[in-house]
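Please open the model in your viewer and keep the selection tool at hand. The tour goes from stop to stop, telling you what to select and what you will find there.

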Amino acid sequence: MFKNYIKLAFKVLAQRPFFTFISLFGISFTLMILIVLTAFLETELGAHQPLTQKDRLVFMNRVIMKQMTRDTIWQVDTTLEAGAPKYDSTFTLGEERQSWYSASTATYSFLDRYMRDIPGVEAYSFYSPDFSYDLFANGNKLSFKAIYADASFWAVYDFQFLAGRPFRADDVTAQAQVVVLTRKAARDYFGTDQGVIGKHLEMDGRQLEVIGLIGQPANSKYFVSAEAYLPLTLCPPAVLADTGFQGPFEAVFMGASPIARESIQQAIASRAANIPLPNPEEYNYLELMTATFAGRYAYGIFPVKDSPSDALRTFLLIGGGLLLLFILLPTLNLINLNVSRIMERSAEIGVRKAFGAHSGSILAQLVFENIVLTFIGGLIGLLLALGLLYLVNDAQVMGDTQLQFNARVFAWSVLICLLFGIISGLLPAWRMSQLHIANAIKQNPS
Amino acid sequence: MIHLQDITKVYQTKSIETTALNRINLQVEAGEFLSIMGPSGCGKSTLLNIMGLIDEPTAGHIALNGQQITAYNSRSMARFRNEQLGFIFQSFHLIGELSVLDNVELPLIYRKVSSKDRRKMAEAALEQVGLKNRMRHFPGQLSGGQKQRVAIARAIVGQPKVILADEPTGNLDSVMGNEIMNILLHLNQEQKATIVMVTHDETMARKTHRLVRLFDGSQVL
C-alpha cells in the first residue's frame, strides 16, 4: 500500500510543478531556519567538551545578601481620666521587606570555608573567570581572559587537551608558574600552536610556562571560556586573602547523576541558612543562588528574580512561543496550499472510498503524501542549512563559536520534518477523509 | 440480494426541499441484470448511489444479502463496498497519475492481498476486458471506450457480488457503447454477476432482464 502511496505522491508532485515549487520553497526555507536554529541550540546547550557532564553540574555563582526589615507601627491612645491624661500604646509589626540588597560572585575564602564537603557531590571546583590582562607579542597588544582555578577544575570540565597536561594539585599548592593556553591564544601569542609546550609567556608580570594546549570552548559560556588558565594560587594575593563573602570566584559541583542535582541544591540552600553573617546590622539574610546548566544559560538571557529556574521557565516560554509562531505561520500557509491542492483530488478520494477505503486510510494516504513532500523539502532545507552553517562559521559571525551539525541535529531535523509534514497535512487530509462520497465523485471527473 | 424498502431521499436547503426519491421499493435478485431508466433529474443515480452505500437515504431500509445496512458503521460499510460491490461511472473516474494496472489494483489495496496476488488478479481482470496489452499505459493515453473497459476491470477485479454501473455508455459513441454493453452482458451471463445499470439508452436497457422506470423520484414501472 505504501509503495502505491509513494508512487502516487511523486506523480502528484510532478503533475503540478508550480504548486510543488511553491510548497517546496516554503518548506525548505522554513526547515533550513529550523535546522540552523537546532544547530545553534545544540552548540549552545549540547553536551560538548568541556561540558560533556553538563547535566550533572550545579553552579553556585551568586552570593546574595539582603537586609530584611519589618516596619513597627505604634498606636497611642490618649484618654482623660480624673482630669489627668492617660496614655495607652500598642504596636504591630508590618510585612517583612527588603531594605538593602547586594549580589555578586563569592570570595575564595567564602567558598573554602562553607562550600566544601557538600553531600552528594562527586567532584567540585572553585575558580574565577573574571580576570583579563593585556599582553604584548611581536609588537601587538593582545587581550587575554584568564581563569584562575584549582586542579579539580579539569576533572569537572573535560577540556580537550591537544598537547601537554593540565596543572595538578601540587602545581596549585606550589604556586607553580604555569599556564594552559587555548590553541587560538597560542597562535596569537607565539604565532603558532605547534611546539609551544615549555615555552614561556609573560602575563601580569609573571613568566608563565605553557604546560597544556586545549581546544577553544564556545565563548558564549564565559564561565569556562578564556585564553589562559592558571592555578588559583597565582591569583592576586589581595583577592585570595579577602575574607568577605563577595568576590570574583564561583563554584561548580558535579553530582553522581542528573537526579543528584536537586539534593545538592537543597544542601547548599540549607547550608546558607546556617552561615553566620559578618555584619547583621548591614545584611541579615544570606541566599546562595544555585543553577543547573540550562538554568544558568537561561539566567544569562533573562536574569529574573535571582532565580535561574524562573529564568529557565521564561526562556522556555518565550523561546517556545517564538518557535511555535515561526513554525505555525509557514504551517498555516502550507495547510492552505494543501487544502486547495487536495480539493482538486476530491473525485479521486470519492472513488477510493467507493472502492472500500475508509476515512482512516484516506487520512493516512494524504498525510503520508505530505510527509513525502516535506521530506523532499527537508532534504533541500538540509543542504541549504549546511551551506548557511558553513558561511556562518567561516565568517565567524558568532566569534570563535562554531555551529555544529552532528547526528543529533540530523535526528532533530528528521523529527522536525516529520512533525511539519504531519501537522501541515493532517487538517486538509482530515477534511478530505470526511468527504461525502457521492458528492466527491460528482466533481472533477478524470 | 438487494432489498430496498420505502427508500426516500430529500435534499434540503434553507429555502427549498427537493424530493429526489419517494418511497421506492425494489428487489434485485442474484444474477439479475436490472436497468434503471428515466429522464434527467428523476433520481436514477441517487437510487444507484444509495444501493452502493455511497449515499444515505433520508428514510427507508436497505438490506443486502439479508443484512440490514442501518446496523453498519462507516468502517463496516467501507469493507462491504470493498468486498461486495463494484462501481462503474459514466466519467470513468480513473486516477490519471496511476497506470492502468495500478488503477485496476485499487480495490485490492484496501484488502489484505499481497502485491504479487494483486498484480495477478489485476492482469486477469484486464485480460477479461481485452486490455492486458495496455496495462503499462496511463488513462490519458487511452480512448473513452478503453477507459471504460479499465473501469470495468477495476469494478470486477475484487469479484464483487454486485456491479453498479451509472450510465456506463453515456460518454461513448454507439460502437464503443455496444462494446461495453457486451462486456457487461458477458459478465452477467458467464459469471452470473448481478448488475444494476442506470441508462438513458432504451436499446441498452432492453438487453437487460428487467427495466425499472423512475419519474420525479417515484417508481413508475
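A pocket, as the word is used here, is an open set of points on a 1 Å grid over the protein atoms alone, with protein on both sides within 12 Å along at least five of seven lines, and its lining residues have an atom within 4 Å of a point. This is a predicted model, in which local features need pLDDT of at least 70 and side-chain atom pairs count only at pLDDT 80 or more, whereas totals for chains, interfaces and linings use all residues. Residues are numbered from 1 along each chain as its sequence is written, chains are lettered from A in the order in which they are written, and side-chain values use heavy atoms, with hydrogens and water left out.

**The largest pocket.** Select A:Leu37, A:Thr38, A:Leu41, A:Leu45 and A:Leu323, which lie nearest the centre of the largest pocket, among the 33 residues of its lining. Helices H2 (17–45), H9 (293–301), H10 (308–343) and H13 (407–433) of chain A each give two or more residues to this lining, and H10(A) gives the most, with nine. Helices here are DSSP runs of H or I with at least four residues, and strands are runs of E with at least two, numbered from the N terminus.

**Along H10(A).** Now select A:Arg313 and A:Asp310, whose side chains meet in a salt bridge at 2.5 Å, N to O; the term stands for a side-chain nitrogen of Lys or Arg within 4 Å of a carboxyl oxygen of Asp or Glu. Both residues lie in helix H10 of chain A, three residues apart, about one turn of the helix. An α-helix has 3.6 residues a turn, so residues three or four places apart point the same way.

**Two strands of chain B.** Move to B:Arg23 and B:Asp6, which form a salt bridge at 3.9 Å, N to O. B:Arg23 lies in strand E2 (residues 17–28) and B:Asp6 in strand E1 (residues 2–12), so the pair ties together parts that are 17 residues apart in sequence.

**An enclosed helix.** Finally, select helix H3 (residues 100–109) of chain B, where 10 of the 10 residues are buried, so the helix is largely enclosed by the rest of the structure. Buried means under 20% relative accessible area, exposed over 50%, and partly exposed in between, with a 1.4 Å probe and protein chains only. Which residue meets B:Glu105 in a salt bridge? The partner is B:Arg118, at 3.3 Å, N to O. B:Glu105 is buried at 7%, and B:Arg118 also counts as buried, at 10% relative accessibility.

Methods. 1 Å grid on protein atoms, 1.4 Å probe; cavity = no way out; pocket = protein on both sides within 12 Å on 5 of 7 lines; lining within 4 Å.
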